[in-house]
Amino acid sequence: MAAPDGTLNCEDFSMFQLMKAHLSRDKAIKACIAQKSEVVVQLREEREKDSDNLKLVKQLRKEQTNLKLMQSELNVEEVVNDRSLKVFVERCRIHYLPPKV
């Protein structure tokens, strides 16, 4: 696949498609992390009140695992962003270099 022709195509792809997609995925993952964090905090408070409730302890562990998965997904997203930006620069460097984010 060849580099897009002209500055406008590369700039448009960089600024309006690639960066927009990166930011929207980042925002969605961070929203999920915030929501899961709230659930974990709430379950911890409930566990402090009733530490013998095994169902509650199991639910807390499940939510903590989901939170860790979301946090690792944020790391994966960072790698994907870095790699896609690297490919973009390789293909479009003649026409356009995106600003550093």
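Buried here means under 20% relative accessible area, exposed means over 50%, and partly exposed is in between, with a 1.4 Å probe and protein chains only.

Before going on, a word on what you are looking at. This is a predicted model, in which local features need pLDDT of at least 70 and side-chain atom pairs count only at pLDDT 80 or more, while totals for chains, interfaces and linings use all residues. Residues are numbered from 1 along each chain as its sequence is written, and side-chain values use heavy atoms, with hydrogens and water left out.

pLDDT is the predictor's confidence in each residue, from 0 to 100. The chain has a mean pLDDT of 83, and 78% of its residues reach 70 or more. Over residues 1-6 the value stays under 50. Where pLDDT is low, the predicted coordinates should not be read in detail.

Now the overall layout. The chain has two helices and zero strands; these are DSSP runs numbered from the N terminus, helices being H or I with at least four residues and strands E with at least two. Of the 101 residues in the chain, 20% are buried. Contact means heavy atoms within 4.5 Å. Taking contacts between residues at least 6 apart in sequence, 70% join residues at least 24 apart.

Which residues make up the largest nonpolar core? There are seven: Ile 29, Ile 33, Val 40, Leu 43, Leu 56, Leu 60 and Leu 67. Helix H1 (6-49) and helix H2 (54-92) are the elements that give two or more residues to this core, and H1 gives the most, with four. A nonpolar core is a set of buried Ala, Val, Leu, Ile, Met, Phe, Trp, Tyr and Cys residues joined through side-chain atoms within 4.5 Å. One member, Leu 56, touches Leu 43, Glu 46, Arg 47 and Asp 50, leaving out residues up to four places away in sequence.

Elsewhere in helix H1 is Leu 18, which is buried with a relative accessible area of 11%.

Next, charged pairs. How many salt bridges does the structure hold? It holds three, a salt bridge being a side-chain nitrogen of Lys or Arg within 4 Å of a carboxyl oxygen of Asp or Glu.

Glu 77 lies in helix H2 and Arg 25 in helix H1, so the pair ties together parts that are 52 residues apart in sequence. Arg 25 is partly exposed, at 32% relative accessible area. Apart from neighbours within four places in sequence, Glu 77 contacts Arg 25 and Ile 29.

Another salt bridge joins Glu 63 and Lys 36, with the closest N and O atoms 2.9 Å apart. Since Glu 63 lies in helix H2 and Lys 36 in helix H1, this pair ties together parts that are 27 residues apart in sequence. Glu 63 is buried at 8% relative accessibility, whereas Lys 36 is partly exposed at 21%.

Asp 26 and Lys 30 also form a salt bridge, at 3.2 Å, N to O. They are four residues apart in helix H1, and so are separated by about one helical turn.
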